Amino acid sequence: LLPIKLGCDEVTMRNIVRTILLDGKLHPHSAQEINAPFEGTIINILEDGSPVKKNQILFELDTFRIKRDLKRAQIELLLKQHELTQIIINSEMEALADAITLRDKETDLFVKEKVLKQRKFSRNPKEILRMQLQIEKTNQMIAFYKEHLTELEKLGDQGALSVSELANERIKYREYLVNLEQLKLDYEKLRDGDPLEIKRAQKNVDASGIKLEHVKKELLEKDDIRKSNIRVKQDELDELTLKVEDLQNRLSQSTVKADSDGIFLVNSHWVGNGYEAYREGHHIKFGEELGKLSKSDKLLARFEVYERDAGLIKLGQNVEFQIIPLGERWFKGTVSKIHPTLGPKPRQKDDLYRLKILKVDMEVKDVLPAMKPKMTVLAKIHIMTKLAPSISIDCLQNNNVITTNGSKELKIGSYG
């Protein structure tokens, strides 16, 4: 390209710097979140951007609702303690009654085992001796009749003894034989025990043992149920105790103070017709972030880059920016973070045509005491430097450029 001589300058190859103009706000580099300790209405709050000292009050919440919930929880706790005490007393009474029932069954088994043992092994020595003497006497009588019965029969043949008398003697002899057999049986029963009585006693012992095991199993199940009921009530009591402690802790935090020196930054929230910073009379839910406490002298600026320019932003790019409250002075920074996702630009709650933006953070290099979070920032990000033909801006007069063919109108764009 041949240089064209002009009165003001000449067209020549120069470095053209392309920039993106952005606006944003200063943010603290590191900040502590300030959350609501419970749901309530704000009754006192510092202004946004207020410098604070350690232990200075940041905001206060109305305690009517938390006091009501605490009173209700304390009453429920007392009722639950009474229920647990009553369950423990009833459980101890039932356990005592069960112990008596078990002891009765054990005693019954013990008695029947003693009866069985008695049937098997317990004997009367005098009765045994008497029985032995009777057997011996009967044997002697049988021996006597054996010796003299023949002589009596001879006397009968001689007529000295009638037939009836002889028959009576023979009957007595047979009676002694029968008595001897009965005495022997009675003696064996007395010596070895009555098998029928022993069997009956054994059955009684077995039945008592089965009943005792059944009662033990039944009482063990009842004891497990009692213990389970106590555990359930104890868990409910512990849960209510924790709830009361939590409510008491929240109530003690109704006045939120600063943990350190810093700047109190109040968040904005949707109020029905737009976003507005939290202030007195606003309602806030438990755990919501009301604001932040900036505790560092480092600052960063956060910008919103439109979707069409998002691909041009790179880490480390140089940024020149102005802070509106500080006049026209230019400051320097670098792109330190590019947020991972695009999001809608929050203009209003229900916007069907939202513009997508990418949030970009810039680290402020030289922080001045006058710089405060939430101050508005205007910035230029240098995205490209290219060698191309150009003319000096001084050649422009009312959007017209002087060429060899005379004055020509130019349309000035963002990257002219």
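I started with Arg250: setting aside neighbours within four places in sequence, I found Arg250 in contact (heavy atoms within 4.5 Å) with Pro37, Phe38, Ile66 and Phe286. Its place is in helix H4; helices (H or I, at least four residues) and strands (E, at least two) are DSSP runs, numbered from the N terminus. Is Arg250 buried or exposed? I noted it as buried, with a relative accessible area of 18%, because buried means under 20%, exposed over 50% and partly exposed in between (1.4 Å probe, protein chains only).

A reminder to myself: this is a predicted model, where local features need pLDDT of at least 70 and side-chain atom pairs count only at pLDDT 80 or more, while totals for chains, interfaces and linings use all residues. Residues are numbered from 1 along each chain as its sequence is written, and side-chain values use heavy atoms, with hydrogens and water left out.

I read an open sheet of four strands in the order S6-S5-S3-S10, with antiparallel pairing; two strands pair if DSSP finds at least two bridges between them. S6 (255-257) and S10 (283-284) stand at the edges with a single partner strand each, so one side of each has no neighbour in the sheet. Three bridges join S3 to S5, and I found Ile42 opposite Leu61 in S5.
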